[in-house]
Amino acid sequence: MSDNRAQFGTKLGVIATTVGSAVGLGNIWRFPYEAGTHGGGAFLLIYIFFIFVIGVPVICAEFIMGRSTRRNIFGAFRMLHTRRQWAWIGYMGILASILILSFYSVVAGWTLEYLGQSAAGIVASTDGVAGNGGGFDDFSTGWRPVMWTLIFLAFNAVIVLRGVRKGIEKASNILMPVLFLLLLAFCVNSLFMSGAKEGLEFLFKPDFSKVDSSVLIGALGQAFFSLSIGLGTMMIYSSYFSEETPLVKSAALTASLDTLVAILAGVIIFPAVFIFNCEPAAGPKLVFEVLPEIFHQLPGGVVWSTLFFFLLFLASLTSTISMSEICVAFFCEQLGLSRRRAALLNTAIAMGLGTLCAMSFGSLSGLKIFGLTIFNLFDYAASNIMLPLGGMLISVFVGWFIDRNVVKAQLKGTGTISEGFLRLIVFSLKYVAPAGIGLVFLAGLGII
Ligand code: PHE
């Protein structure tokens, strides 16, 4: 099986695909609004702490499981342990991937609307996604988001159907660096806006008096969401790695680049939030209201805006492809479906649930479960509960339950790694990551 399985072509391909999965709306849309609702500076610090102290070891754990078994999350647990119950973590990952794909596609659909508007020569403004009349609120409560969600999922399906290597690897090799450069340029622009100081202080000056359990849960969920971990994405991607790929280095590089992009997004957004009198805690719409303001005051705003939303759309695609792959690999490898059928089934489910998520800003906005709209419920349940729980169980599994030689052999690969470093990672997997996640959960439940 492992012999004829597809593998990523080049070293750059490995990094571009894992970074492509990690970098997406999570960094540019979700990070600023989470940081905004959770008070800014302190959230950022706690977030970075979670990324490196918990996130990187969990990525390593997923890499170890994926490359040693060359299976999807469910199959990997089955192969590494005789106890069948472990594979339940696989079911949770698959469920999380579907929930995330559903609400994520709605936001990706918003970017398509903004892309379409900009390409038509109109930059949206806060008083109206122009040509549409009444601003983001008006747009998001109408029927167009449903249409865009379905269109986005259709794009996603086409690429997932083309398989692992051919499709997106090539495109992301070129386009992710372009996105990065564009973000850098916007960042410089924001830094030079008069009045940038307030925004930067909000983002970088920690005020720990604002930290409560919701900030901790938010930061942990954001770290897992942004790194695409806890549900088997990094696991399935590493199942396509060659033996030469250095796991720890790739994990650290992915986490660093991902964090860098989130911080850039923050530096772009927050000065503008304060200059244009927006509300940092505006929630999911924050970035979609603030960015158009930035484009408005830029010379050639339409061009910048078109380019930006195009690249953001592609960045979203490289992320949704990775979440689809979890489910598609499961359907193919465990249920014996053809790749085509698997991709279509995944798309059909996401289209159904995605429609509900899109409508939860409009006609279904009154439908609340645990006080949350469907969109927010999917996001909260997947990002803040399932992913950290999945990550905790994956690290416990790799730290305590699988053969230490497998762990060592994978971390070493064909290169070298010092004994001390190896021990540090195993220690993190055994104690630090599970305890850290456990403590955040206990705080969230009000137990500590
Ligand atoms: N990490 C992606 C982002 O930041 C989202 C994602 C989550 C992708 C889970 C795959 C799995 O946009």
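User: How many helices and how many strands does the secondary structure of the chain come to?

Analyst: This is a predicted model, in which local features need pLDDT of at least 70 and side-chain atom pairs count only at pLDDT 80 or more, while totals for chains, interfaces and linings use all residues. Residues are numbered from 1 along each chain as its sequence is written, and side-chain values use heavy atoms, with hydrogens and water left out. Helices (H or I, at least four residues) and strands (E, at least two) are DSSP runs, numbered from the N terminus. On that basis the chain comes to 18 helices and zero strands.

User: What is the radius of gyration of the chain, and what does the globule rule give for 448 residues?

Analyst: The radius is taken over C-alpha atoms, and the globule rule is 2.2 Å times the number of residues to the power 0.38. The chain is as compact as a globular protein of its length, because its radius of gyration is close to the value from the rule. The two values are 21 Å for the chain and 22 Å from the globule rule.

User: What percentage of the residues in the chain is buried?

Analyst: A residue is called buried under 20% relative accessible area, exposed over 50% and partly exposed in between, with a 1.4 Å probe and protein chains only. Of the 448 residues in the chain, the buried ones make up 60%.

User: Among contacts in the chain between residues at least 6 apart in sequence, what percentage joins residues at least 24 apart?

Analyst: Contact here means heavy atoms within 4.5 Å. Among the contacts between residues at least 6 apart in sequence, the share that joins residues at least 24 apart is 81%.

User: How many aromatic pairs does a search of the whole structure find?

Analyst: Rings of Phe, Tyr and Trp (its six-membered ring) pair if their centres lie within 6.5 Å, and planes under 30 degrees apart count as stacked, over 60 as edge-to-face and the rest as tilted. Searched in this way, the whole structure holds 41 aromatic pairs.

User: How many residues apart in sequence are the parts that the pair of Phe63 and Phe241 ties together?

Analyst: The rings of Phe63 and Phe241 form an edge-to-face pair, 5.0 Å centre to centre with 65 degrees between the planes. Phe63 lies in helix 3 (residues 41–69), whereas Phe241 lies in the loop between helix 11 (233–238) and helix 12 (247–275). Phe63 is buried at 0% relative accessible area, and Phe241 is likewise buried at 0%. The parts that the pair ties together are separated in sequence by 178 residues.

User: Which residues does Gly232 touch, not counting residues up to four places away in sequence?

Analyst: Gly232 sits in the loop between helix 10 (213–227) and helix 11, and it is buried, with a relative accessible area of 1%. Its C-alpha atom is separated by 5.3 Å from that of Ile73, although the two residues are 159 residues apart along the chain. Leaving out residues up to four places away in sequence, Gly232 touches Glu62, Ile73 and Ile326.

User: Is Asn277 buried or exposed?

Analyst: Most residues other than glycine have a negative phi. Asn277, which is not a glycine, has a positive phi of about 55 degrees, and its place is in the loop between helix 12 and helix 13 (286–297). With 72% relative accessibility, Asn277 counts as exposed.
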